[in-house]
Amino acid sequence: MNLNPSHALLPSPLGLASSISSVPPRSGVRGTPEERAESLPPPPVCARRVLLIDDEGPSRDDLVEVLRVEGYAVCALTVNDPVLEFIRRASPDLVLLSADGKEGIGIDLCRELRRLDPGHLTPILLFAVDDCDEEAVVAGLVSGADDYVVAPGRIAELKARVRVQLRNLRDRELLRWAREQRSSFRDEALTDALTRLPNRRAIDRALTAALRGGESTTVMLLDIDHFKIINDTWGHAAGDEVLRSIGATLGLCTRREDIVGRFGGEEFVVVLRGSLGDHADILGDRYRQTVGAIVFPDELGPKGITVSVGIAQWDGLCDRPTPAQLLALADSALYEAKRAGRDRVRVSDLPGRDDLTTRASLEPQYSGQTGTH
C-alpha cells in the first residue's frame, strides 16, 4: 500500500536526528523580538538627500548652495551622467529635475525615473527657469512628476515646494511604518512565543479555512510523553529546549501547504489538506518516529523523547464537522494512545463511518511507558 504521493515526501526520521535544535522553525514573523516590540515611529532623517539634475553652469551652482543652506545633502548631475545607476545605488530622498533644455529630455528622464520607482516613494520635482506654457507643465506631471515649478527667479517658492514634497515623503514613511507595525502585531498574535510556530489561534483559522473550502482535512495532535518529568528532573530550560527542537523538527517535515503549530503546553498540532484515506496512521507514525529520532545534546539531560499521536480526518464527503468537533475527535484518539501505553498512534473516525470507533494502528514492538502524563 503506497501513501498518497502528496504526502510521500516526509523525510526519514534518521535524516533529521542530529543537531535539529539549531534549525529555526518555519515562520512568517519578521525581525527580532526587540524590533517587533518597538512601538515608536522612526525618527526623521536629519539631512535629506537631494539629487539635482541640471546643466552645468552658474545657475546650478547657485541652486546647490541654496539647497545646502537649507540643510540638505546635495548631489548635482547632468542628464548625460549615469543618473539611473546613481539613483539605484544612492536612493536619494528627492529628485530635483530641470525641465529646461531641448527636445524634452527632462520629461523623458522623469518618465524613466518613475519606472524605477513604481511605488511612487521618491518625489520628483520638475522645475523650469525659463518660461513655459501650460502644455509643458501638463506633460511634466503626466510623465510622473509630483510637482512642477515654473519659477524664474522665485527661489523662495522652489524651496517651499521642496519642503512640501519632503514633508509628504515623511508622511508616506510613517504610513509604511504603521502598516509594517500592524502586520508585525498581527504576526505576533498568531505566533507562539517559544517555538515561533503558529499558535492555537492561527491553527483554528487554518482549520476553519480548510473545512470551509470543502476539501478533505486531517488533524494530527502530538503530545510529548512524560513531559512533566522532564521539567521536574532537568528544569524548565531543558523543557523549553525540547519544545523548540520538536517544533523545528515538525516544521521541517511538514509540507508548505499544510500547517504545524503549538497547540498549548507540550502539545503540537498538524493540519493537513488533501486525502490520506486509510494511510493517516502511516503518516502519523512517521511523525512519531521522526520526533523519537531527535538527538539532544548531552548537557541538556533528557534522552529518548517520545510522543503520542491522535488523528482525526474528514474525507470531504460526509457531513462537514466544525473545527471544534474535528479537534475533539483527534483529542479522543490521543487519549486512547496515552491510555494504551504512549508512544503510539490512534485514529478516530467521524460519526457515520464507523460509529466514532477508535482503532489501533502501528503498535511499537515494545511496551510504552506508563505513569506521569
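**Exercise 1.** With which residue does Arg255 form a salt bridge, and how far apart are the closest N and O atoms?

*Solution.* The structure is a predicted model. In it, Arg255 pairs with Asp258, and their closest N and O atoms are 2.7 Å apart. A salt bridge requires a side-chain nitrogen of Lys or Arg within 4 Å of a carboxyl oxygen of Asp or Glu, so such a pair can be assigned by distance. Arg255 and Asp258 are both buried.

**Exercise 2.** Determine which parts of the chain are tied together by the salt bridge between Arg114 and Asp146.

*Solution.* Step one: the side chains of Arg114 and Asp146 meet at 2.8 Å, N to O. Step two: Arg114 belongs to helix H4, whereas Asp146 sits in the loop between helix H5 and strand E5, so the bridge ties together parts 32 residues apart in sequence. Step three: Arg114 has a relative accessible area of 11% and is therefore buried, while Asp146, at 23%, is partly exposed.

**Exercise 3.** Is Thr254 buried or exposed, and what does its side chain reach?

*Solution.* Thr254 is located in the loop between helix H9 and strand E7. Its relative accessibility is 5%, so Thr254 counts as buried. Its side chain reaches the backbone oxygen of Leu250 at 2.7 Å, and a polar contact of 3.0 Å joins it to the side chain of Tyr287.

Terms used:
Residues are numbered from 1 along each chain as its sequence is written. This is a predicted model: local features need pLDDT of at least 70, side-chain atom pairs count only at pLDDT 80 or more; totals for chains, interfaces and linings use all residues. Side-chain values use heavy atoms; hydrogens and water are left out. Helices (H or I, at least four residues) and strands (E, at least two) are DSSP runs, numbered from the N terminus. Buried means under 20% relative accessible area, exposed over 50%, partly exposed in between (1.4 Å probe, protein chains only). A polar contact is a pair of N or O atoms within 3.5 Å; within protein, one must be able to donate a hydrogen and the other to accept it, and residues adjacent in sequence count only if both atoms are side-chain atoms.
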